[in-house]
Amino acid sequence: MNSFIKNKAVAEQTIINNLKEIYEISSEDAAKIDLLALVEVLDKQKRPLLFLPCKEAKRQFLIHQYVSVLIYDKNNKLWLRKHNEYDREYPNRWDVPARTFLHIGESVHDAAVRILKQEMGLRADKLKQGSVCTASSSTAFKQLHVFYIHAPEQFIEKKMSNENGYYYTLDELNFLIQDFLPDAFTPELLNLWKAQLLFPHPE
């Protein structure tokens, strides 16, 4: 058993023990909790504290770790994807292409690599870590870690033919958000726009 798997197993058992104490439940019930549905909660100094179910972290307004990956073409246009009309959280809204909570044992970089492959089918060879959007009530208490990557041409050609996605320039987004359709975008995307983190490089 390699050290990562061993440490992950220890972390999972520690989390199960913590959940037993917090919710006063049996070992059997604690073992049934979906560990992938847990989020890493931070203290006020942004230090890892414990893992809790996502709904519980949100209910208590606790700071928790989150990763967003932004994808660009060679002209630094930003790829956004549109949620379909059946999406439970943000139907028909434009969003960042890949975002996720941290799984147990993951670093923020590990989470970015995982979600980029899972959602976009892209390798993370040229993935760059950017700034952090500090957790606040406006970010739903998510500590947002932003990553950037420029997509290969074949990815761009494939995505340009997809009606649920589009490459935006900064000017286009500024117009749509400021003057036209701010409600067409998810809160997370709007937070990154307000923090000026959507376009880290000059266009």
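Biologist: Before we start, what pLDDT do local features need here?

Modeller: Residues are numbered from 1 along each chain as its sequence is written, and side-chain values use heavy atoms, with hydrogens and water left out. This is a predicted model in which side-chain atom pairs count only at pLDDT 80 or more, totals for chains, interfaces and linings use all residues, and local features need pLDDT of at least 70.

Biologist: Good to know! How many helices and strands does the chain have?

Modeller: Helices (H or I, at least four residues) and strands (E, at least two) are DSSP runs, numbered from the N terminus. On that basis the secondary structure comes to seven helices and nine strands.

Biologist: What percentage of the 203 residues is buried?

Modeller: Buried means under 20% relative accessible area, exposed means over 50%, and partly exposed lies in between (1.4 Å probe, protein chains only). Of the 203 residues in the chain, the buried share is 43%.

Biologist: Turning to the aromatic residues, which kind of pair do Tyr66 and Phe101 make?

Modeller: Rings of Phe, Tyr and Trp (its six-membered ring) pair if their centres lie within 6.5 Å; planes under 30 degrees apart count as stacked, over 60 as edge-to-face and the rest as tilted. The count by this rule is seven aromatic pairs. For Tyr66 and Phe101 the centres are 4.6 Å apart and the planes stand at 80 degrees, so the pair is edge-to-face.

Biologist: How many residues apart in sequence are the parts that this pair ties together?

Modeller: Both Tyr66 and Phe101 are buried. Tyr66 belongs to strand β3 (residues 64–72) and Phe101 to strand β6 (residues 98–101), so the parts tied together are separated in sequence by 35 residues.

Biologist: Which residue has its charged end over the ring of Tyr66?

Modeller: A charge sits over a ring if NZ of Lys or CZ of Arg is within 6 Å of the ring centre and within 35 degrees of the ring normal. Here the charged end lies 4.2 Å from the centre of the Tyr66 ring, and the residue is Lys142.

Biologist: Where in the chain do Arg81 and Glu119 lie?

Modeller: Arg81 is partly exposed at 27% relative accessibility, and Glu119 is partly exposed at 33%. The two are 38 residues apart and link distant parts of the chain: Arg81 is in strand β4 (residues 78–82) and Glu119 in helix α4 (residues 108–120).

Biologist: Which residues share one salt-bridge network?

Modeller: Arg99 and Asp95 meet at 2.6 Å, N to O, and both are buried. Glu188 also forms a salt bridge with Arg99, at 3.8 Å; Glu188 lies in helix α7 and Arg99 in strand β6, so this pair ties together parts 89 residues apart in sequence. Through shared partners, the network consists of Asp95, Arg99, Lys142 and Glu188.

Biologist: Why is helix α7 described as largely enclosed by the rest of the structure?

Modeller: Its buried residues are Glu188, Leu189, Leu190, Asn191, Leu192 and Trp193. Helix α7 (residues 187–194) is largely enclosed because the buried residues number six of the eight.

Biologist: Which phi does Phe61 take?

Modeller: Most residues other than glycine have a negative phi. Phe61 lies in the loop between α3 (54–59) and β3 and is exposed, with a relative accessible area of 58%. Although Phe61 is not a glycine, its phi is positive, at about 55 degrees.

Biologist: Last one: which residues form the nonpolar patch on the surface?

Modeller: Patches are made of residues with over 30% relative accessible area and no salt bridge, like charges being joined within 9 Å and nonpolar side chains (Val, Leu, Ile, Met, Phe, Trp, Tyr) within 5 Å. Accessible areas come from the Shrake-Rupley method with a 1.4 Å probe; for residues, only the protein chains shown count as cover. With about 320 Å² of accessible area together, the patch is formed by Phe175, Phe180 and Leu181.

Definitions and conventions: Salt bridge = Lys/Arg side-chain N within 4 Å of Asp/Glu carboxyl O.
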